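Trainee: Could we take a close look at a single part together? I'd like to go through it slowly with you.

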Amino acid sequence: MGAKMFPNDDFLQSLLTGEPPLCDTVTHEHFSAQLLAEGILLIEPHQAGEQDIVLSCGIHGNETAPIELCNQLLQQIFAGTLVPKQRLLFIFGNPPAMRQATRFVDENLNRLFCGSHQQAEANLERSRAAELEQALVSFFRDATRSRLHWDLHTAIRGSIHEKFAVCPYQPQRGYRADTLALLACAGIEAFLFNHAPAFTFSYHSSYTFGADAFTVELGKVAPFGENDLSRLSALERVLRALITQQPLASDDALAEVKFYQVKRVITREQPEFSFAFSDDTANFTTFTQGDVIAKNGDKTIFCDVTGEAVVFPNAKVAIGQRAALCVVPVTLKDVCM
Ligand SMILES: [Zn+2]
């Protein structure tokens, strides 16, 4: 064992208390670790495999379950019970929001990537988006290596599919079934394919670096210490296998999984905006053609086609922002190359 970077190897605890690390760089028997900035930790095995893996969490500061899971993996790495075989970049996205137990401080960080943070005056999240983009540039420096980025979240509300992945719009590349199968092995029950660019962290990695990148939704928000991490045991198993370069049997993993394509976006256009359903309506709740979905000022938004489902509804977004996605079921054949 080498020197310690954090007391008890507890990265999360040091982030929550705001205490500086004991040192910025440590070298262990199998790897070296370097703290690149607050919440950004690079792990490089002395003999690295062929994949560069980014695991990000806490892009929304109150989405604690994946933060606790990533911290646990790091503790195991530092304790020597999980020996990394791939280059890893662990990102705890928004430490100030984590400390305040809030989604964000100034604005939603997950809308500010692909350089869009430059389009308004700097604030906490805009500066952080620039810093995270810079960290990816230096981490993904070798274009010949395979690149994977899972951006781990939890949702504000319940969901018909507890765990689901949002797949960035990538019409040039399409999606590979083996990449999706890996997520299915990790407990993902549904995939949602975006129909347009969105300046999220996963879209940024997909578009800018050609990474196999996904936004992964892992259940409902809970405060630190109140998560049942056993609900993430399949994900943990897959992450451990990725980190240690172990093969995963993923044949048939997609057999039970559902696929959805985004059909349209409902944007809040007016101060008076409301949904026709209650706040606790689950993600992927379906509607029948002609049902009222929302009221946008004096405009009524109806369900276009029976089976249309609503995901991420949030009537409280700023005017001009996405209030919900409307999705329809598709088959794997429709979306995979
Ligand atoms: Zn989130």
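Trainee: How many residue pairs are in polar contact across the interface of domain 1 and domain 2?

Mentor: Happy to walk through that with you, bearing in mind that this is a predicted model. Across the interface of domain 1 and domain 2, four residue pairs are in polar contact, counting pairs with both residues at pLDDT 80 or more. On the side of domain 1 that touches domain 2, the residues divide into six nonpolar, three polar and three charged. Even with charged residues on that side, the count of salt bridges between domain 1 and domain 2 is zero.

Now for the partners themselves. Domain 1 covers 7-243 and domain 2 covers 268-324. Twelve residues from domain 1 and 13 residues from domain 2 take part in the contact. Taken over C-alpha atoms, the centres of domain 1 and domain 2 are 29 Å apart.

Next comes the area. Interface size is often expressed as the accessible area lost when the parts come together. Here, about 1,000 Å² is buried between domain 1 and domain 2, and carbon and sulfur atoms give 58% of that. Of the area that domain 1 buries against domain 2, Arg111, Arg157 and Ile160 supply 51%, more than any other three residues.

Terms used:
Residues numbered from 1 in each chain as written. Predicted model: local features only at pLDDT ≥ 70, side-chain atom pairs only at ≥ 80, totals over all residues. Heavy atoms only, no water. Domains from an automatic or database assignment. Contact = heavy atoms within 4.5 Å. Buried area = accessible area lost by both parts, 1.4 Å probe. Salt bridge = Lys/Arg side-chain N within 4 Å of Asp/Glu carboxyl O. Polar contact = N/O pair within 3.5 Å; in protein donor to acceptor, adjacent residues only side chain to side chain. Nonpolar A, V, L, I, M, F, W, Y, C, P; charged D, E, K, R; others polar.
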